Amino acid sequence: MTVQTDTDGDGRILTRFDGGVATLTMSRPARRNAYTSAMMRALRLAVDAVLADPACETLVLRGDGTCFSAGGDVHEFAQSLALDPAARQALFEALIAEQVNPVILALRAAHQPVIAAVRGDCVGYGLSLMLASDFALAADDALFSTAGIALAQPGAGGQSAFLSRALGERRARELMWSARRFDAHEAKALGLVERVVPVADFEATLAAEVTRVARGPRHAFSEIKRLLNNAGNGAAGQPLADQLSAEAAAFGRSAAGDDFAEAVRAFVARRKPQFRQAG
């Protein structure tokens with residue numbers, strides 16, 4: 001079933017459920033899925049609704065057609081130039097704080113695995129959404145850019161946090177200061193995407209990855225996600241002793257669950273486990 005999240009104009013967010021897999025598609029292909037402010041609001045509502053739905057076990061983010069997203073719609077940004085500087089500052093601070101940031105936080109806090117399926121342009125807010133995912137599959141036609149500096153602004157959606165954690169401060173600065181475009185193979189070499197496949201194999205590979213994740217031990221996936229989030233909080237992350245305590249608690253919670261029992265029985269019986277525990 002596919003559901004459209006309404007916007008006030010051009011562009012849509014499409015929600016599709018297939019079993020326990022929810023797919024959110026940014027749909028504005030004529031503009032390379034560039035986000036209007038209405039689309040940003042629609043995405044926030046769609047993410048909140050899908051992640052709160054007990055039927056959602058895995059979330060896939062993708063773009064309509066041959067692009068993930070070209071980022072924010074600069075033509076819409078141009079309309080703000082009629083405002084005085086104080087009003088323009090208030091407008092964009094509110095847009096980021098109320099529409100962009102809640103989506104990024106929700107994706108990171110979600111117990112569901114989040115998969116980004118990236119083709120073509122993955123720029124600006126599109127890049128931020130990919131970085132906020134748990135697993136990124138890129139076709140070999142994907143092109144990435146932080147984009148912000150091209151508009152004399154620093155970017156948003158957690159780019160500074162995600163890139164500095166993944167690459168270190170100096171490499172993060174280079175990508176953010178230059179806004180240069182880099183291809184899928186460089187993105188993989190940098191550790192920003194997990195797999196790169198030919199365009200011809202993209203849909204089949206995506207389906208296989210989604211199935212693999214959906215059939216995995218979702219509770220354990222969510223525990224790992226929480227541990228990694230905590231390990232990266234702050235400049236140096238959580239103190240080791242606190243992280244070890246968090247791991248012990250997570251291990252205990254997992255050992256008390258049905259998936260642990262099923263995995264142990266399956267190992268002893270030399271069969272594949274059938275995981276069913278919720279995240």
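A: Helix 3 passes helix 4 in a right-handed crossing, meaning that the near helix is turned clockwise from the far one by less than a right angle. Helices here are DSSP runs of H or I with at least four residues, strands are E runs of at least two, and both are numbered from the N terminus. This is a predicted model, where local features need pLDDT of at least 70, side-chain atom pairs count only at pLDDT 80 or more, and totals for chains, interfaces and linings use all residues. Residues are numbered from 1 along each chain as its sequence is written, and side-chain values use heavy atoms, with hydrogens and water left out.

On the helix 3 side, the contact (heavy atoms within 4.5 Å) is made by Q99, V100, V103, I104, L107 and R108, and helix 4 brings Y125, S128, L129 and A132. Sorted by type, the residues of this contact come out as 7 nonpolar, 2 polar and 1 charged; Ala, Val, Leu, Ile, Met, Phe, Trp, Tyr, Cys and Pro count as nonpolar, Asp, Glu, Lys and Arg as charged, and the others, Gly among them, as polar.

Strand 6 and strand 8 (residues 143–145) run parallel, joined by 3 bridges, and D121 has L143 of strand 8 as its bridge partner.

Conventions: Two strands pair if DSSP finds at least two bridges between them.
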